[in-house]
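Have the structure open and work through each exercise before looking at its solution.

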Amino acid sequence: MPHSTQLYQHVPESRWPIVYSPRYNITFMGLEKLHPFDAGKWGKVINFLKEEKLLTDSMLVEAREASEEDLLVVHTRRYLNELKRKVLRPLRTQTGGTIMAGKLAVERGWAINIGGGFHHCSSDRGGGFCAYADITLAIKFLFDRVEGISRATIIDLDAHQGNGHERDFMEDKRVYIMDVYNRHIYPGDRFAKQAIRRKVELEWGTEDEEYLGKVEQHVEKALREYLPDVVVYNAGTDILEGDRLGGLAISPGGIVKRDELVFRVVRGHQVPILMVTSGGYQKRTARIIADSILNLHNLGLIGPPSRDVSAQSSDSPLLPPAVP
């Protein structure tokens with residue numbers, strides 16, 4: 001019997017399946033200034049979307065912090081005890097957001113957690129800024145709690161190999177993993193690579209044309225090879241040109257196009273999709289994520305629940321519902 005959780009509560013139809021909390025932003029004791037990433041990027045994405053009149057606060061789903069019982073669905077107690085818990089509250093809240101967004105994706109056809117995507121963390125170890133295995137947790141919650149969800153695909157397009165979820169699902173044939181990453185950078189986890197069913201290894205400085213061609217081709221093939229009940233899309237923006245940790249050279253427009261391709265193919269197969277934002281280490285990242293979400297909306301690939309998204313054409317964008 002699954003444990004009692006605050007993360008699987010009913011969400012009113014008036015709210016879009018976009019999950020966020022101001023608690024996502026890492027602002028503890030000035031330490032965020034030492035991080036090589038924009039520690040407030042999640043809040044900036046939301047602010048851009050509000051400025052563009054796509055969203056208001058009353059249309060968002062407020063993320064809740066994952067409890068210890070929630071985390072123990074995947075993590076060992078020993079691992080959790082080793083973590084400095086107070087400092088990691090923003091990451092626990094983002095993890096709760098991913099779990100909540102998984103349920104919403106299945107109910108609404110799509111969901112976006114503005115945070116999450118901690119793909120280097122597995123049940124008993126963290127790594128690379130990742131303290132909780134939110135992707136693994138979201139999938140296990142769905143398998144345990146939602147009838148008819150027994151097959152999942154992870155499409156991991158962060159610049160780094162997603163060795164955390166790969167280790168967690170190594171022996172689990174219900175989960176198909178596609179991973180596209182720079183082969184020369186962290187983590188280089190050979191053991192974890194055994195879990196990848198569709199592996200696309202990139203060279204330093206890969207640019208838009210080659211990258212987008214490979215993404216489109218392999219997402220199509222992945223869904224033909226294994227049609228899941230849900231897709232978790234790890235949409236890292238550290239593929240952006242100039243990201244010193246990612247080592248690739250994708251333009252801002254290339255990232256927007258990549259997300260469009262993934263949503264178009266997955267939604268074309270009528271499979272629910274959960275997007276998490278994962279890695280991205282430059283100040284301009286937040287604007288690119290916001291532009292991508294705006295583009296998905298303008299093309300009718302995401303939108304309010306009362307309209308049939310698949311029927312929308314690219315020249316008839318969905319309008320947000322009136323907010324009471």
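**Exercise 1.** Describe how helix α4 and helix α5 cross.

*Solution.* Step 1: the axes of α4 (residues 89-108) and α5 (residues 134-145) come within 8 Å and cross at roughly 40°. Axes here are lines fitted to C-alpha atoms over the stretch in contact, with angles from 0 to 180 degrees between N-to-C directions. This is a predicted model, where local features need pLDDT of at least 70 and side-chain atom pairs 80 or more, while totals for chains, interfaces and linings use all residues. Residues are numbered from 1 along each chain as its sequence is written, and side-chain values use heavy atoms, without hydrogens and water.

Step 1: that angle makes α4 oblique to α5 (under 35 degrees is roughly parallel, over 145 roughly antiparallel, 65 to 115 roughly perpendicular, the rest oblique).

Step 2: α4 and α5 cross in a right-handed way (the near helix is turned clockwise from the far one by less than a right angle).

**Exercise 2.** Which residues of α1 and α10 make their contact, and how do the helices cross?

*Solution.* Step 1: the axes of α1 (residues 41-51) and α10 (residues 285-298) come within 8 Å, crossing at roughly 45°. The two helices are therefore oblique to each other.

Step 1: on the α1 side, the contact (heavy atoms within 4.5 Å) includes Phe 48 and Leu 49. On the α10 side, Ile 289 and Ile 293 are among the residues involved.

Technical notes. Helices (H or I, at least four residues) and strands (E, at least two) are DSSP runs, numbered from the N terminus.
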